[in-house]
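Let's walk through this model together, one piece at a time. Keep the structure open beside you as you read.

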Amino acid sequence: MERPHPPFPRPEASGDWPWLDHGLLIPASSARVCMTCHWFCHHSAPHAIPQLACAKHQALLAHGEHLTHRCGSWSDSQERQEDWAAAVA
């Protein structure tokens, strides 16, 4: 069964999201961090400031946490699951 693409927010909508509760995050020293998760999304906020978010929790991520933490809902990205990179090569 194909997993649906995460509901990426419109940039103006995600700006209204709350910050992710730090208690949901687990320190991680592997590749299983927010940035590699299927639910991770980002875009440029005003003044070209990156805005990091979790579509699963509909919450913003503090800068840096996307590289060192994950939550219990971490899911491998669909691109890696389907080996899309190999199909391009």
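**Starting from the cavity**

The largest cavity is lined by Cys-34, Cys-37, Trp-39, Phe-40, Ala-53, Cys-54, Leu-61, Cys-71 and Trp-74. A cavity here is a set of points, on a 1 Å grid over the protein atoms alone, where a 1.4 Å probe fits but cannot get out, and lining residues have an atom within 4 Å of a point. Rolling a probe the size of a water molecule over the atoms shows where empty space is left. How many cavities of 30 Å³ or more does the structure hold? There is 1 of them, and about 60 Å³ of space lies in the largest cavity. That volume is the space filled by probe spheres set on the grid points, which are joined across faces, edges and corners.

Before going further, please keep in mind that this is a predicted model, in which local features need pLDDT of at least 70, side-chain atom pairs count only at pLDDT 80 or more, and totals for chains, interfaces and linings use all residues. Residues are numbered from 1 along each chain as its sequence is written, and side-chain values use heavy atoms, with hydrogens and water left out.

Now to the strands. An open sheet of 3 strands runs in the order β2-β3-β4, with antiparallel pairing. Its edge strands are β2 and β4, each of which pairs on one side only. On average, neighbouring strands of this sheet are turned by 40° against each other, direction ignored. For the terms: strands (E, at least two residues) are DSSP runs numbered from the N terminus, two strands pair if DSSP finds at least two bridges between them, and axes are lines fitted to C-alpha atoms, with angles from 0 to 180 degrees between N-to-C directions.

Take the pairing of β2 with β3 next. Strand β2 covers residues 40-45 and strand β3 residues 49-54, and the two pair in the antiparallel sense over 6 bridges. Along this pairing, Cys-41 stands opposite Ala-53, His-43 opposite Gln-51, and Ser-44 opposite Pro-50.

The hairpin of β2 and β3 has 3 residues between the strands. What is the phi of His-47? It is near 65°, a positive value in a residue other than glycine. Ala-48 also lies in the loop between β2 and β3, and it has a positive phi of about 60° although it is not a glycine. His-47 counts as exposed at 77% relative accessibility, and Ala-48 counts as exposed at 61%. The cut-offs are under 20% relative accessible area for buried, over 50% for exposed, and partly exposed in between, with a 1.4 Å probe and protein chains only.

β3 and β4 form a hairpin with 4 residues between them, and Gln-58 in the turn has a positive phi of about 50°.

Which residues make up the largest nonpolar core? They are Trp-17, Cys-37, Trp-39, Cys-41, Ala-53, Cys-54, Ala-55, Leu-60 and Trp-74, 9 residues in all. A second, separate core has 8 residues, including Leu-20, Leu-25, Ala-59 and Leu-61. Such a core is a set of buried Ala, Val, Leu, Ile, Met, Phe, Trp, Tyr and Cys residues joined through side-chain atoms within 4.5 Å. In soluble globular proteins, nonpolar side chains tend to be buried together.

The cysteines deserve a look of their own. The structure holds 0 disulfides, a disulfide being a pair of cysteine sulfur atoms within 2.5 Å. Cys-41 is buried, at a relative accessible area of 7%. The sulfur of Cys-71 also has its closest cysteine sulfur in Cys-54, at 5.5 Å, again too far for a bond. Cys-71 is buried too, with a relative accessible area of 10%.

One contact remains. Ala-28 is found in the loop between β1 (26-27) and β2, and it is buried, with a relative accessible area of 17%. Ala-28 and Thr-68 are 40 residues apart in sequence, yet 5.5 Å apart in space, C-alpha to C-alpha.

Technical notes:
1 Å grid on protein atoms, 1.4 Å probe; cavity = no way out; pocket = protein on both sides within 12 Å on 5 of 7 lines; lining within 4 Å.
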